[in-house]
Amino acid sequence: MTARSAPRTDVPAIQVQGLHKYFGDNEVLKGIDFHVNSGEVVCVIGPSGSGKSTLLRCVNRLEEPTEGQILVEGIDICDPEVDLDDVRSRIGMVFQQFNLFPHLDVLKNLTLAQRTVRGRSKDEAVQIARQNLEKVGLSEKEAAYPAHLSGGQQQRVAIARALSMDPDMMLFDEPTSALDPELVGDVLDVMKALASEGMTMMVVTHEMGFAREVGNKLVFMDGGVVVEEGVPSEVLSSPQHERTQAFLSKVL
């Protein structure tokens, strides 16, 4: 497999310009301008249906943008000539649902894509998988099957699987929303550790404490537009827009 070029730090990790997304006649994203710098943690909040997850899914072309431009490390991923597999190899994605293969044990869940997409040997893939299982605190679970893990453990395995592909950045789509409340903290702790190591992260979340503590920037979306963005502590404590005020008054 061809070696991937080193990540660029002279341009934003993610740059979204004039992004529109329609589903039929329904305009879900209405001209989004947005960026994430290398090493930043950007948290995206807002009510259900505001377009947060659609924005996230457009960033690695899981959804096709209708109009606009998305640059990942300076590469226009909407260009028909782009090597989408190369771009996606730079972006780890963690979903609400864990999407683990139920018929494979944890170690095989972490090594499958490494071997098929990255072209790594079995021994190398296993070594990298074990390093990342240790990182998420689940070294002892490598032989377990997903059905025997709690939701929080499954989500930590999903994070370890994404990290095993050596991404330059991580996208999280409400990673704790499907978890029982007592399991949320373990997943957030893993994400905090990643942030402290300098991982570039874009996080769609309802966890305002995480956004305040870990985020470099907070983006509030509603109705398919970015309503307000700024330093998390400032947006959360003194939002400038009345729509942001109304939303935060219900969730804080």
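Where is the place of D166? The first close-up takes that up.

**View 1. D166 sits in the loop between α5 and β7.** This is a predicted model, where local features need pLDDT of at least 70, side-chain atom pairs count only at pLDDT 80 or more, and totals for chains, interfaces and linings use all residues. Residues are numbered from 1 along each chain as its sequence is written, and side-chain values use heavy atoms, with hydrogens and water left out. Helices (H or I, at least four residues) and strands (E, at least two) are DSSP runs, numbered from the N terminus. D166 isn't a glycine, yet its phi is positive, near 55°. With 39% relative accessibility, D166 counts as partly exposed; buried means under 20% relative accessible area, exposed over 50%, and partly exposed in between (1.4 Å probe, protein chains only).

**View 2. D168 is found in the loop between α5 (151-163) and β7 (169-173).** Is D168 buried or exposed? D168 counts as buried, at 16% relative accessibility. Now look for R88: it is 80 residues from D168 along the chain, and their C-alpha atoms are 10.0 Å apart.

**View 3. N99 has a positive phi too, at about 55°, although it is not a glycine.** Its loop runs between β6 (91-94) and α3. N99 counts as partly exposed, with a relative accessibility of 44%.

**View 4. Helix α3 (residues 106-116) and α5 have axes that come within 9 Å and cross at roughly 30°.** Axes here are lines fitted to C-alpha atoms, for helices over the stretch in contact, and angles run from 0 to 180 degrees between N-to-C directions. The two helices are therefore roughly parallel to each other (angles under 35 degrees count as roughly parallel, over 145 as roughly antiparallel, 65 to 115 as roughly perpendicular and the rest as oblique). On the α3 side, V106, N109 and L110 meet V157, A160 and R161 of α5, contact meaning heavy atoms within 4.5 Å. Sorted by class, this contact has four nonpolar, one polar and one charged residues (Ala, Val, Leu, Ile, Met, Phe, Trp, Tyr, Cys and Pro count as nonpolar, Asp, Glu, Lys and Arg as charged, and the others, Gly among them, as polar).

**View 5. Searching the whole structure turns up zero disulfides.** C43 is in none, and the nearest cysteine sulfur, that of C58, is 19 Å away. A disulfide is a pair of cysteine sulfur atoms within 2.5 Å. For C58, the closest cysteine sulfur is in C78, 8.0 Å off and too far for a bond. C43 counts as buried at 0% relative accessibility, and C58 counts as buried at 0%.
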